[in-house]
Amino acid sequence: MSAVVVENLVKRYGENTAVAGVSLRIAEGEVFALLGPNGAGKTSLVEILEGHRRRTSGTVAVLGHDPEHGGRPFRERIGIVLQDGGLEEDLSVAEAVAYHASLYPRSRPTPEVIALVGLEEKARARVGTLSGGQMRRLELALGIVSDPDLIFLDEPTTGFDPAARRQAWELVRALRTFGKTIVLTTHYMDEAQHLADRIAVIARGRIVAEGTPTTLGDRHRAGAMVRFHLAAGVSPEGLPPPFAAAPTGWVEAPCGNPTAALHGLTAWATARGIELDGLSVVPPSLEDVYLRLVGEDATP
Amino acid sequence: MTGSPTLASLFWTQLRIELRLFFRSPLQAFFSLIFPLLMLLVFATLFGNGRMGLLGVTAAQFYAPALAVYGAVSTAYWNLAISVVTARELGVLKRIRGTPLPPSVYMAARLAASTWIAFLAIAIMIGAGVVMYGVTVYAHTLAAAAVTFVVGVGCFAALGLVIASISPNAKTTPALTSATLLPLSFISEVFIPPSASAPAWLGQFADLFPLKHFARAFSGAFNPSLHGSGFAWSDAGGTYAIGPHVAVMAAWGTVAVVVAVRRFSWEPRPEKSR
């Protein structure tokens, strides 16, 4: 059974098309990451799934509801962790969590949720006094206090220090053991790689690739970068393609068929009694794949 | 907990949160509850216990109800507009839209909180007037004063939501509320009692707006020279009549509700594509 089904979704703001025909399915219990640069349309897409925005056309079913008309029965089953705040600063952490809990039919106990995000020591502190990272953890707490079936995490670790980031990842992993479906947006490739079962890369309002962290963009079939160093005085004459000598001595070439390329290269080297210093064969990183997929939209 | 919370319990939860937030924000509490009281002290000291202009009552007997109206209006209009726009800008409204709390229940709770705070403002003001300056409260006009209060606060809360709907951001909102409320307070028998020397056109101009009607209808309950319970349509012969005033406020309030419902936005404008 699918938690989310989207077909031919389009969202336009006047002349500007933010989502240009997206179709996707997210299975129950799956951690699904939407990866894309800023302005790619991922926030628009997620906000349509959350019921915050109206779509221009296409069909959307989230937990069997049309988010635009789902109302309370729909909202009682989803948890939203927002990207940019929306917290009353004059409430205490415990009050904010208890308040959110009281809006839902089945909620986790407030102290349990506060402990889950590691804010026990701040339970009585005013929200306005929290650090950026603590604030994000509180938002995480508010997103899960209602024990939702589907959780939206919009860039959940933006602004976290590395330790808090690890902690948040642990929490997301803990959530998945409860069998929760999680839809995650992020522009961190490592985050998607660590957390997600499936990744969709979105650019210019379209999904340009979809797959598991290992198969995304045919990464496992994409060949590899072969690299080595030729010692000074060694003649590069007869070096088999695609390799070509460079002034630094380092030779580097992407190989669609690394097995055959290596065979040719090593045969050339052994026939001349040459040792290839620092020979390495590196498959493309997820980052390489991502940058290739999103093209010039990529933000560093 | 099993089953969805009832609308009544959601309303109650939200009302308590709103009141808690209000009293934790010292500036808001000061301007709604304390500032009008300071003005009463100043005016009563300036004018002593002499008779005020056309009304023939003491300064405190005029200013306590007039400034009580000012306190109620600054709560319902000024505070509500600013706090709703701030909540929108901080994303509080958007967050609430993502929860099962129905928007109508949220708005009802906010209006109820404003009404309660406005009631406190009035009670504090009249109480202080009675204790410190011997202001007289008349039992036979209390019902009319209460009706005036409810319609007046409702009208100004709706106008506050109109300001919240048209105000582009939290910086602009105080300017919009001040620029409308303060000048009207000077010509609407709130800061200055009615006087024979004021040009007639100024009074007629003020009659177009709801503030003067709120002040007149409410202050009338404290004017010993008027007679009757207040539930009358005509003030001929010195009768205390809230009817026409309540009608004007109800008309303003109705139009304001329609405009606010049409134009209200839960997210900061403009809707951006991201």
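**Reading the contacts of chains A and B**

Q: How many residue pairs are in polar contact between chain B and chain A?
A: The count is 10 residue pairs, both residues at pLDDT 80 or more. Keep in mind that this is a predicted model.

Q: Which elements give two or more residues to the side of chain B that touches chain A?
A: They are α1 (7-23) and α4 (92-97) of chain B. The largest share comes from α1(B), with seven residues.

Q: What is that side of chain B made of, by class?
A: Sort its residues by class. The side that touches chain A has 12 nonpolar, 10 polar and nine charged residues.

Q: How many residues of each chain are in contact, and what area is buried between them?
A: Count residues, then turn to area. On chain B, 31 residues are in contact with 37 residues of chain A. The area buried between the two chains is about 3,200 Å². Carbon and sulfur atoms give 51% of it.

Q: How many salt bridges does the rule find across the interface of chain B and chain A?
A: Start with the general idea. Side chains of opposite charge can pair when their charged atoms come close. Here the rule finds five salt bridges across the interface. Over all chains, a search of the whole structure finds 26.

Q: Which side chain meets B:K94 in a salt bridge?
A: The side chain of A:E47 does, at 2.4 Å from N to O.

Q: Which residue forms a salt bridge with B:R20?
A: A:E95 does, and the closest N and O atoms are 3.1 Å apart. Now place the partners. B:R20 sits in helix α1 of chain B, A:E95 in helix α3 (residues 93-101) of chain A, and the pair crosses between chains.

Q: Which residue forms a salt bridge with A:E139?
A: B:R95 does, with 3.5 Å between the closest N and O atoms. This pair also crosses between chains, from helix α5 (residues 132-144) of chain A to helix α4 of chain B. Both A:E139 and B:R95 are buried.

Q: How many residues apart in sequence are the parts that A:K180 and A:D147 tie together?
A: Look at the pair, then at where each partner lies. A:K180 forms a salt bridge with A:D147, the closest N and O atoms being 2.8 Å apart. A:K180 lies in the loop between α6 (162-177) and β7 (181-186) of chain A, and A:D147 in the loop between α5 and β6 (150-154), so the pair ties together parts 33 residues apart in sequence. A:K180 and A:D147 are both buried.

Q: Which residues do salt bridges that share partners join into one network?
A: Follow the shared partners. The network joins A:R77, A:R106, A:R108, A:E112, A:D147, A:D149 and A:K180.

Q: Where does A:T185 lie?
A: A:T185 is in strand β7 of chain A. Its relative accessible area is 0%, so A:T185 is buried. The side chain of A:T185 makes a polar contact with that of A:D154, at 2.5 Å. Leaving aside neighbours within four places in sequence, A:T185 has contacts that include A:L34, A:K42, A:V46 and A:L153.

Q: What domains does the assignment give for chain A?
A: Domain 1 covers 2-218 and domain 2 covers 223-282. Taken over C-alpha atoms, their centres are 47 Å apart.

How values were computed:
Residues are numbered from 1 along each chain as its sequence is written. Chains are lettered from A and ligands numbered from 1 in the order in which they are written. This is a predicted model: local features need pLDDT of at least 70, side-chain atom pairs count only at pLDDT 80 or more; totals for chains, interfaces and linings use all residues. Side-chain values use heavy atoms; hydrogens and water are left out. Contact means heavy atoms within 4.5 Å. Buried area is the accessible area (1.4 Å probe) that two parts lose on being put together, summed over both. A salt bridge is a side-chain nitrogen of Lys or Arg within 4 Å of a carboxyl oxygen of Asp or Glu. A polar contact is a pair of N or O atoms within 3.5 Å; within protein, one must be able to donate a hydrogen and the other to accept it, and residues adjacent in sequence count only if both atoms are side-chain atoms. Helices (H or I, at least four residues) and strands (E, at least two) are DSSP runs, numbered from the N terminus. Ala, Val, Leu, Ile, Met, Phe, Trp, Tyr, Cys and Pro count as nonpolar, Asp, Glu, Lys and Arg as charged, and the others, Gly among them, as polar. Domain bounds come from an automatic or database domain assignment. Buried means under 20% relative accessible area, exposed over 50%, partly exposed in between (1.4 Å probe, protein chains only).
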